[in-house]
Amino acid sequence: MEAATATQGTRRTGKKSDRARSERKLAWMLCAPAVIAMLIVTGYPIGYAFYLSLQKFDLRFPDDKEFVGFQNYADVLTSSTWWSDVAVTAIITVISVSIELVLGMAIALVMHRAIFGRGPVRAAILVPYGIVTVVAAFAWRYAFDPASGFMQGLPLISDTAAPLTNQTGSLIVIILAEVWKTTPFMALLLLAGLALVPDELHEAAKVDGAKAWQRFTRITLPLMRPAILVALLFRTLDAFRIFDNVFIIQPGGALGTETVSILGYNVLINRVNLGLGSAISILIFLCVILIAMFFVKVLGTSTAQQRGEV
Amino acid sequence: MRRGSRGIRTGLTAAAVAGLAVLAGCGVGGGEGGSGRTAINFYAFNEPGGSYDKAVENCNKEANGRYRISYVKLPTDANQQRELVVRRLAAEDDDIDIIGMDVIWTAEFAAAEWILPWEGEDEQAATEGKLAGPRKTVEFEDKVWGLPFTSNTQLLWYRKNEVGNVPDNITWDKLIDDAAQKPTGIEVQAAQYEGLTVLVNSLIASAGGQIVTEAGDVKVDATATRAAEILSKLGTSKAAPPGMATNKEDEARIGFEEERSFYEINYPFIYPSAEAVGKEFQDSIGWARYPRTEADQPSKPPLGGINLGISKYSETPDLAFEAAKCMASEEHQAIAAELGGLPPTTEAVYETKKVQDAYPFADLLRESIDEAAPRPVTPAYSDISLAIQKTFHPPDGLSPGSIESKLKDRIERAGEGKIY
Amino acid sequence: MDGQHSARERVMWLIGILVVIFYALIPVVWIASLSLKKPDQVGDRKFFSGFSFDNYDVIFSDDTFLAALINSLGIAAIATLISIVLAAMAAYALSRLEFAGKAVILSGALAVAMFPPISIVGSLFDMWRSIGLYDTWLGLIIPYMTFTLPLAIYTLSAFFREIPWELEQAAQVDGATPFQAFRKVIVPLAAPGVFTASILVFIFAWNDFIFANTLTSTDAARTVPAALAFFTGASQFEQPIGAVAAAAVVVTVPIIIMVLIFQRRIVAGLTAGAVKG
C-alpha cells in the first residue's frame with residue numbers, strides 16, 4: 001500500500017514538473033512575439049543611435065562622415081544651450097507634476113466621494129484624456145494669442161503683457177496645457193489607489209472624532225503612498241519627454257521654452273545633423289533612466305502592484 | 001488546454017502575418033505628384049494669388065505632352081517648407097524635380113549636392129537680364145545653381161495723412177524718434193524666426209558690414225553692435241508695437257491696418273491687402289525706401305524671392321530644366337506681379353504695363369531689389385540664421401555691448417556643426 | 001442615504017462638479033467656437049461670435065486633410081490590431097501561466113513605455129530612408145509599437161487576471177470540446193477587456209505627433225496631428241486659425257463621442273491597468 005502511494009506520489013510529481021516545463025515553454029512562446037517586437041523597436045534604434053552619436057555625420061555633407069568618438073558628447077555637455085534646456089525641462093516637469101498631483105488628488109476625491117454626479121464628472125475628465133494633444137495645444141495657443149485669444153480680453157491680463165510674447169508667460173501657458181491634458185490620467189491613477197483604502201478605517205477614525213482633513217493626512221495619504229509614487233514616476237518621465245505642447249505653442253522652442261526633446265528635434269531634423277543629434281538623444285535617454293532609478297532606488301517606488309504581485 | 005490555446009496561437013499568428021503582408025504592400029512609396037517619364041513635380045509654397053498655378057497651366061499647354069508639370073504645394077511657413085524639402089532630399093527621394101527654392105537655400109543645397117548646376121546655355125538663361133540682387137542669390141562657388149523666378153523686398157510704408165511725407169534717406173534713429181513722439185508704432189518682424197534674420201541682416205549690411213563671407217569666414221564686427229543698438233532702441237521705445245517680439249509679417253500687416261501703427265516695414269503684399277480695408281485707406285498709404293542704418297550710406301533692403309532649382313535625384317533633369325525655364329518666363333513674372341504681388345527678377349519686366357499697373361511703386365521696388373543685400377551665402381546658412389535669431393531676441397532684452405562677441409561665438413559654433 | 005446630506009453639502013458638491021466639468025471643456029469649446037468664425041471675426045476674442053461652416057468647407061475640399069484622416073485611421077487601426085494580438089498572447093501567458101520571467105517581461109514593457117521617442121527618431125529617420133520605409137504606413141506603425149505594446153500588455157494582463165479560467169475547464173468537464181469551451185466561455189469573458197484595451201491603444205496611437213511629424217513628409221503617410229501643424233493659410237504670411245480649428249474639431253468630435261459612450265470601460269481599463277483589481 002505504501003509502495004503504491006509512493007509510486008503514485010512520484011508519478012504525480014513527475015507529471016507536475018513535466019507540466020511546469022511545458023507551461024513555461026508555452027508561456028515563452030506566447031510572449032515571444034511581443035517581447036521580440038519590443039526589443040526590435042527600441043533596442044535596435046537605440047543601439048544605432050549610439051553608433052551614430054560617435055560619428056560626425058551631417059546629412060548636408062554626406063561625404064564628411066567620420067568617427068569622432070565622444071566629441072559630440074563633449075560638445076553637447078559643454079554648451080550652455082544644453083544645460084539651459086535641461087533647466088527649462090526640469091522646471092516644466094517639476095511644476096506641472098506638482099500641480100497635477102494636487103489637482104489629480106482633488107478630482108480623485110471628488111470622483112470617489114461624490115454623492116451624485118459621478119457619471120458626468122467621469123465623462124468630463126475623460127475629454128482631456130481622449131483629445132489629441134496637438135489639438136488641445138492649438139486651442140491654448142489661440143486662446144492666448146495676443147490678437148485673437150479670448151484670454152486677452154479677460155481683465156487680469158493686460159494688453160501689453162501677452163503671455164506668449166515672453167519666456168515666463170510662455171512657460172506658464174505650456175505648463176497649463178500640459179497640466180490640463182494629463183491631470184485626468186493622474187486622477188485615475190490616484191483614484192485606483194484611493195479605492196484601496198478600506199472604508200472601515202475611516203469609519204473607525206470618524207468614531208474617534210477625527211476630522212476630515214486629519215483622516216486624509218493620517219490615513220488616506222500614507223496608505224496611498226505606493227500609488228502616489230507610481231503615479232509620480234509615470235508622470236515625471238512623461239513630463240520630462242514633453243514635446244507636442246512646446247512644439248505647437250512656441251514652435252521651435254522660441255523665447256527660451258526649448259526643452260531637451262525640442263533641442264534634439266531641431267538638431268536632428270532641422271539641421272539634419274545626425275551625429276550631434278544622436279548624442280543628444282542618448283543623453284536624454286540617460287536622463288530618463290536616472291529619473292527612473294531615482295524613483296525606484298531612492299524613493300522606493302515599486303511597480304509590484306501594477307505587475308499584479310501585490 | 002494545450003490544444004485549444006495552440007489553436008488560438010496559430011490563428012492569431014497567421015492573422016498577424018497576413019496583416020503585415022498586406023500593409024507592407026500598401027502605403028509604400030510616398031509620391032504625391034505624378035509619376036512616369038513625362039511627369040515633372042514642382043514643389044513650392046502655395047502661392048495664393050494663383051500665379052504659380054497659371055504658369056504651370058500655361059507651360060503644360062505649351063509643352064504639348066512632352067512633359068506635364070504637377071504643382072505640389074508646401075506649407076506657408078518658410079521653415080516648414082525647408083524642413084519638408086530637406087527631409088526628402090536627404091532621403092534621396094526621386095519624386096522632386098523642380099524646387100521652388102527660397103533664396104537662402106542655394107548654398108546649402110548646392111554644397112550638399114542636392115541640386116544640379118545650371119551650365120552653358122542654361123547658365124545664360126538663368127542670369128541674362130536679371131537684377132543684381134536675385135543674381136547674387138543663385139551664385140555659389142563660381143557656379144549658378146538656380147533660375148531666379150520671383151523676388152521680394154521690403155519697403156517702409158506709412159500713412160501719408162497721419163505722418164506726412166517720409167524721405168527715402170531717413171535713418172532708423174530718426175524714424176524711431178519720430179514715431180515715439182507721435183506716438184505711434186513701427187511694425188516690424190521681430191519674432192524668433194527667419195524674419196528676424198532678415199531684419200538684422202539688413203541693419204548690418206546697411207552699415208557696410210557682413211556676417212559671414214562666402215568663403216565661410218566669420219566677419220562679425222562693430223556693425224553688429226550698431227544693429228543691436230537700433231533694434232534695442234526700437235524694442236524699448238514707445239514705437240514698439242505690442243507683441244513685437246512675436247510679430248511676423250501678417251501680424252505686422254494687421255497692426256498697420258488696424259491703425260495701431262502708422263509705420264510699417266513689410267513686403268509689398270500689404271498693398272493689395274489694404275484695398276480690402278478700403279480704397280481710402282489704400283490711397284492714404286505712402287512708401288519709402290528701407291531706412292538707413294547710417295545717415296551717409298544708402299540702405300541695403302532685404303532680399304527674398306523664389307529661385308527654381310533642379311533636384312539631383314530627378315529622373316528627368318533635361319525636361320525639368322526646360323519646364324523651369326518656361327515657368328520663369330517674363331510673361332509669367334508679370335502675371336506673378338499682377339496676381340501674387342511678387343516682384344519680378346528680370347529687369348525688363350518692370351517696364352511692362354502689367355507691373356506698372358500692379359505697383360505704383362514699381363521703380364522704387366526695382367531699385368530696392370537691385371541694391372538689396374542677400375543674406376549670407378553659405379552652406380551652413382540655416383544654422384547661422386538660427387544663431388542670429390537666438391542672439392537678437394527678444395528685442396527689448398538685448399545688451400548691445402556684448403552682442404558682437406556673443407554673435408561671433410555662436411556663428412562660429414554654428415558653422416562648425418556644434419550646438420550654439 | 002440622501003437624508004444624511006445637507007443641502008449645503010449638496011450645493012458644495014454641485015459646485016465642485018461644475019468646476020471640474022468647466023475645466024475639462026474650456027479648450028474644446030474655444031476651439032469649436034474658433035472653427036465657426038469667419039476670417040474677419042477671428043480677431044475679436046469672443047466665444048461664438050460667428051456661426052458659419054466656411055472653414056469646414058475649406059478643409060473638406062482639401063485633399064491633404066482627407067488623406068491625413070485616412071492615414072490616421074488606417075495607421076492607428078493597424079497598430080492597434082497588431083498590438084492587441086501580440087499583447088493578448090503575452091497577457092494570456094502572464095495572467096494564466098506560471099513561469100519565471102514574468103517580472104522581467106512586465107518591467108521591460110514598462111521600460112519600453114517610458115522610452116523618450118526623440119531618442120529613436122534620429123536612428124529611425126536614417127534607417128527608414130535607407131530601407132525605403134520613410135513616409136510609409138509601415139514606417140509609422142513599427143515605432144508606434146513602442147508605446148502601444150506596453151499599454152496593451154498591461155491593460156490586458158490586468159483584465160485577464162480577473163477572468164475565472166476554471167470555467168473553461170468546468171465546461172470541458174461538462175462535455176464541451178476545448179474549442180467550444182474557449183469560444184463560449186472564455187471569449188465572452190475576455191471580450192470586454194480586449195475591447196477596452198483596443199480603445200485605449202487606439203486613442204494613444206491616434207494621438208501621436210512626434211513620430212508622425214519626423215517620419216513622414218507627404219500625404220502618403222502624414223497623420224492628422226502632423227498635418228495640423230502644416231496647414232497652409234490664405235496668403236503667404238497668414239495664420240490659418242479657422243482652418244486649423246475646424247480640422248481640430250473634426251478630429252476631436254469622434255473621439256469625444258467614443259469616450260463618452262465607453263467611459264465606464266475606459267475608466268475601468270485605466271484603473272485596472274494601474275492597480276490590480
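Guide: A residue is called buried if 20 or more other C-beta atoms lie within 10 Å of its own, exposed if 12 or fewer do, and partly exposed in between, with C-beta atoms placed from the backbone. By this rule, 49% of the 310 residues of chain A count as buried. The model is a predicted one, in which local features need pLDDT of at least 70 and side-chain atom pairs count only at pLDDT 80 or more, while totals for chains, interfaces and linings use all residues. Residues are numbered from 1 along each chain as its sequence is written, and chains are lettered from A and ligands numbered from 1 in the order in which they are written.

The score pLDDT is the predictor's confidence in each residue, on a scale from 0 to 100. For chain A its mean is 82, and 87% of the residues reach 70 or more. Residues 1-10 of chain A stay under 50, and the model gives them zero contacts beyond four places in sequence. Two residues are in contact if their C-beta atoms, placed from the backbone, lie within 7 Å. Where pLDDT is low, the predicted coordinates should not be read in detail.

The secondary structure of chain A consists of eleven helices and two strands. Here helices (H or I, at least four residues) and strands (E, at least two) are DSSP runs, numbered from the N terminus. Along the sequence, the elements of chain A follow the pattern α-β-β-α-α-α-α-α-α-α-α-α-α. Of the contacts in chain A between residues at least 6 apart in sequence, 68% join residues at least 24 apart.

Chain A is divided into domain 1 (2-53) and domain 2 (81-298), with bounds that come from an automatic or database domain assignment. Where these domains touch, domain 1 of chain A supplies five residues and domain 2 of chain A supplies seven. On that side of domain 1 of chain A, four residues are nonpolar, one is polar and none is charged. In this classification, Ala, Val, Leu, Ile, Met, Phe, Trp, Tyr, Cys and Pro count as nonpolar, Asp, Glu, Lys and Arg as charged, and the others, Gly among them, as polar.

Chain A also touches chain C, in a contact that takes 86 residues from chain A and 84 residues from chain C. Helix 1 (residues 2-53) of chain A gives the most to the chain A side, with 20 residues. That side of chain A has 62 nonpolar, 18 polar and six charged residues.

Buried residues make up 55% of the 277 residues in chain C. Of the contacts in chain C between residues at least 6 apart in sequence, 75% join residues at least 24 apart. The domain assignment of chain C gives domain 1 (1-52) and domain 2 (61-274). The centres of these two domains of chain C, taken over C-alpha atoms, are separated by 30 Å. Their contact takes eight residues from domain 1 of chain C and seven residues from domain 2 of chain C. On the domain 1 side in chain C, six residues are nonpolar, one is polar and one is charged.

Two packed helices are described by the angle between their axes and the distance between the axes. In chain C, helix 3 (residues 63-96) and helix 6 (residues 137-161) pack at an angle of about 35°, with their axes 6 Å apart. Such axes are lines fitted to C-alpha atoms, for helices over the stretch in contact, and angles run from 0 to 180 degrees between N-to-C directions. The crossing of helix 3 and helix 6 of chain C is right-handed; a crossing is left-handed if the near helix is turned anticlockwise from the far one by less than a right angle, and right-handed if clockwise. By class, the contact of helix 3 with helix 6 of chain C has 21 nonpolar, six polar and two charged residues.

Chain B averages a pLDDT of 85, and 91% of its residues score at least 70. Residues 1-32 of chain B stay under 50 in pLDDT, and the model has 42 contacts beyond four places in sequence for them.
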